[in-house]
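My entries below go element by element.

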Amino acid sequence: MSTDLINSLFPFIGCIFVMMNIKQLYKDKSVKGIFLLSPLFFYIGQAWNVYFMYDLQQYYSFIGGGLLTMFCFIWFGMAVYYKFINNI
């Protein structure tokens, strides 16, 4: 196995966990006890990682990171919606 393939397992598995969070957030329709700037900081770092993996020509990691970034920002958008907009 190449290091790119091994490294790509982390974001692909992370996608499963974030999708579980999305499903639970949709079910609960409530966000409590989360300081939203914290996940935003790490999601922006993940977006940078996608660019970085592409630049390194680590294409499996690039694809996995791209999917993880997409799911993370979906979760973040839902969290902002349920914390601020849906409560009005």
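I first looked up what lies over the buried residues of α3, and the cover includes α1 (3–28) and α2 (37–55); I take buried as under 20% relative accessible area, exposed as over 50% and partly exposed as in between, with a 1.4 Å probe and protein chains only. Helices here are DSSP runs of H or I of at least four residues, numbered from the N terminus. I note that this is a predicted model, in which local features need pLDDT of at least 70 and side-chain atom pairs count only at pLDDT 80 or more, while totals for chains, interfaces and linings use all residues. Residues are numbered from 1 along each chain as its sequence is written, and side-chain values use heavy atoms, with hydrogens and water left out.

I then took α3 itself, residues 59–85: its 27 residues reach 37 Å from first C-alpha to last, close to the 39 Å expected at 1.5 Å a residue, the expected span being 1.5 Å times one less than the number of residues. Among its buried residues I listed Gly64, Gly65, Leu68, Cys72, Trp75, Ala79 and Tyr82.

Which residues have the most contacts inside the largest nonpolar core? I read off Val18, Ile22, Leu25, Trp75 and Ala79, in a core of 15 residues; such a core is a set of buried Ala, Val, Leu, Ile, Met, Phe, Trp, Tyr and Cys residues joined through side-chain atoms within 4.5 Å. The elements giving two or more residues to this core are α1 and α3, and the largest share, eight residues, comes from α3. Setting aside residues up to four places away in sequence, Leu25 touches Ser30, Val31, Trp75, Met78, Ala79 and Tyr82, where contact means heavy atoms within 4.5 Å.

Last, I checked the cysteines and counted zero disulfides, a disulfide being a pair of cysteine sulfur atoms within 2.5 Å. Cys15 is in no disulfide, and its nearest cysteine sulfur, that of Cys72, is 7.6 Å away. Cys15 is buried at a relative accessible area of 4%, and Cys72 also counts as buried, at 6%.
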